[in-house]
Amino acid sequence: MEKKLVYTGKTKNVYALPNGNYELLFKDDCTGTDGVFDPGANSIGLSIAGVGRINLRMSIYFFEKINAAGIATHFVSADLDKTTMEVKSAKVFGKGLEVICRYRAVGSFYRRYSDYIEEGAKLPAYVEMTFKNDAKGDPLVTEDGLVTLGVMTKKQYEDIRSMTQKITAIVADEMVKRGLELYDIKFEFGYDADGNVMLIDEIASGNMRVYKDGKYVEPMELSRLFFA
């Protein structure tokens, strides 16, 4: 029995493996508009040679650190030359949920709350969650909302929040070592057959906002600086 394609994504394909795990194939396709790279865009805008390998390399680096810290992830192993990553089976929350941890008031957070906070002000590892829904603009959802809608239990919410803050601290510390500052980062979580939460998807430069000397670092440049 060979691996079987089960999902074709914008930047990754997913294959079912005979052992019950899955394989993610990282592609060189990037989200963007009119040929300009934009990690927050909802469609494929261009292809950058080697970007799949770059994203996988950073994901491997952080997943290994997070696993070593005793935090559950779906990461099993990876083959950088084939740009593939073997992962455990996991179910997503609802129809897809993004979890953001913020150290600074920028982006959509600042746009929403600019009446109450200065742009760039420090935040205490602030965690927020949004439903993945392009048509509705990825709406924010509260803990009460997630529990009431049956998307997750109160314990799963608390686990995700705690894990998010611990993982973000690991990423932020690695950035500091390189003279960089993490402003915010986006994660995805899933759960196993017993309901246990685990970090899934990837941890790539396109999922985080990082600054150097007060200036935003583009994702491709961030990957270059990180492994320099």
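The model is a predicted one, in which local features need pLDDT of at least 70 and side-chain atom pairs count only at pLDDT 80 or more, while totals for chains, interfaces and linings use all residues. Residues are numbered from 1 along each chain as its sequence is written, and side-chain values use heavy atoms, with hydrogens and water left out. Helices (H or I, at least four residues) and strands (E, at least two) are DSSP runs numbered from the N terminus. The expected span of a helix is 1.5 Å times one less than its number of residues, so the 23 residues of α4 should span 33 Å, which agrees with the 33 Å between its end C-alpha atoms.

A nonpolar core is a set of buried Ala, Val, Leu, Ile, Met, Phe, Trp, Tyr and Cys residues joined through side-chain atoms within 4.5 Å. The largest such core has 47 residues, and those with the most contacts inside it are F93, M129, L146, M175, F189, I203 and M208. Helix α4 supplies the largest share of this core, eight residues. Leaving aside residues up to four places away in sequence, M208 is in contact (heavy atoms within 4.5 Å) with M58, V171, M175, L182, D184, I185, I203 and L222.

E128 lies in strand β11 (residues 122-131), and it is buried, with a relative accessible area of 4%. Its side chain makes a polar contact of 2.6 Å with the side chain of R112; such a contact is a pair of N or O atoms within 3.5 Å, where within protein one must be able to donate a hydrogen and the other to accept it, and residues adjacent in sequence count only if both atoms are side-chain atoms. Beyond four places in sequence, the residues that E128 touches are E98, V99, I100, R102, F109, R112 and L140.

The hairpin of β2 and β3 has five residues between its strands, and G20 in the turn has a positive phi of about 95°. Both faces of β2 are covered, with K12, V14 and A16 buried on one side and N13 and Y15 on the other.

Notes:
Buried < 20%, exposed > 50% of the residue type's maximum accessible area, 1.4 Å probe, protein only. Pairing = 2+ DSSP bridges.
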